[in-house]
Amino acid sequence: MNIPRIVGAGLVVIGAGIGIGKIGGSAMDAIARQPEASGKIQTAMLIAAALIEGIGFAALFAVAEQ
Amino acid sequence: MLFPLRINKFVVALCTAAIFVSGYANPVDSVQAKYEHAVENAAMSTATAGGTVNKEESKGIREKIREHIDHHLLDTHDFIFFSDEETGKHYGFSLPVIIWDEGLHMFSSSKFEHGHAVVESNGKYYKLYHEKIYRTDAEGNLDMHHGHPTNVRPLDLSITKNVLMMLVVAAIMFWLFTSLAKSYVKNGGISKGAGRFFEPIVLYVRDEIAIPNIGEKHYKKYMSYLLTIFFFVWFLNIFGLTPLGVNVTGNITITFGLAILTFLITNFTANKNYWGHIFWMPGVPLPMKIILAPIELLGVFIKPFALMIRLYANIFAGHIVLMSLVGLIFIFKSWLGSSLSFMLSFAISMIEVLVALLQAYIFTMLSALYFGSAVEEHHHEEAHH
């Protein structure tokens, strides 16, 4: 029940959520502009989302309780 | 057909998908017995205990669930499929224990009797505590310090559950792809049967992962490693979702091994441009070069480290969430709560299947990206006077 840890974990998840949300949003805009490039855009979006999620998880494990 | 075809397909798909959730149905024996026991107690002592009995029995279920989750996530020296709590019988088989401790000791893990017995081997005594082997004296005393034993641990090279699963997956992959290759020879360049499913995937790894990232000239050297990593991680992730209770990629030591392989291959097949970009990057003013060099050197180590953490955390967290939700089914004893928990855990299982494939793809794609940066040719700078 360590409050700073819990708050820290919540902040990490907010950061990861905002990052991936922004990427998803720009990916949607780009696909709307040019539907024929949707394959490449989807690939790039998944890579960026995975990188951000990686950082998010690493930070979560750093704040997790032993 | 009794039902129209589309309903049949839906039912079949639903049953197939429910296999994933049934894997965690093991606590039915133990939790059911405990629940009935608790209900008996509650009925007998409603007059005296009053409202406290409910909390006790739910705590018992929570402990059981936690124990079951631990058993699923940790690596064990024997392969237990399920155990009956009432009779105490375990259904499974024990695996060989191989220890190096001033001499080689080999014995079957059934001698440990699930952590109760002390095993004597060539004059040394060993005891199992939370699935770790410690060297003890003849009575099996463990010197505890803050809840952890401080005895000496021998070098443990045993065939544990994870090692066995990796060998099984390796054998499956070997058989699958050699028979796929042979089917090409037999059928004159066209694959039949199961090959039809794997051929587009192999071509996808080559055309969308290897060639765009590594380039036409050098991709062939890395194709075997990329294909192996992709299918290895994918099959192991899928095995983690089955009722067998194996959790290979959710173990940080195994993802550490995979990340180390990517690290070694990147750095040992790199050309001069790669090291140039790290230590003495072209086209950057001198003070910036000196500042960026240590950061880039750190990046060489952090990139495989992130690979390891990403795969481990995704799979491990997924398992914990899924099993906690299935445990929730047993904590809610009402029709509404349990069925809602079941549907939620079913939905999360479907997401976990997607995550299994996605994490394999991401691991392969990032490895290909790092290989590409290692063999990149020198680009002429744009601003040439």
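Which residues touch the most other members of the largest nonpolar core? They are B:A210 and B:V233, in a core of 43 residues, where a nonpolar core is a set of buried Ala, Val, Leu, Ile, Met, Phe, Trp, Tyr and Cys residues joined through C-beta atoms within 7 Å. This is a predicted model, in which local features need pLDDT of at least 70, side-chain atom pairs count only at pLDDT 80 or more, and totals for chains, interfaces and linings use all residues. Residues are numbered from 1 along each chain as its sequence is written, and chains are lettered from A in the order in which they are written.

- Apart from it lies another core, of eight residues, including B:V97 and B:F112.

**Chain B**
- Chain B has 11 helices and 10 strands, taken as DSSP runs (helices H or I, at least four residues; strands E, at least two).
- Of its 385 residues, 25% count as buried, that is, with 20 or more other C-beta atoms within 10 Å of their own, C-beta atoms being placed from the backbone.

**Contact between the chains**
- Seven residues from chain B and seven residues from chain A form the contact, for which C-beta atoms, placed from the backbone, must lie within 7 Å.
- On the side of chain B that touches chain A, the largest share, five residues, comes from α10(B).

How values were computed
A residue is buried if 20 or more other C-beta atoms lie within 10 Å of its own, exposed if 12 or fewer, and partly exposed in between; C-beta atoms are placed from the backbone. Two residues are in contact if their C-beta atoms, placed from the backbone, lie within 7 Å.
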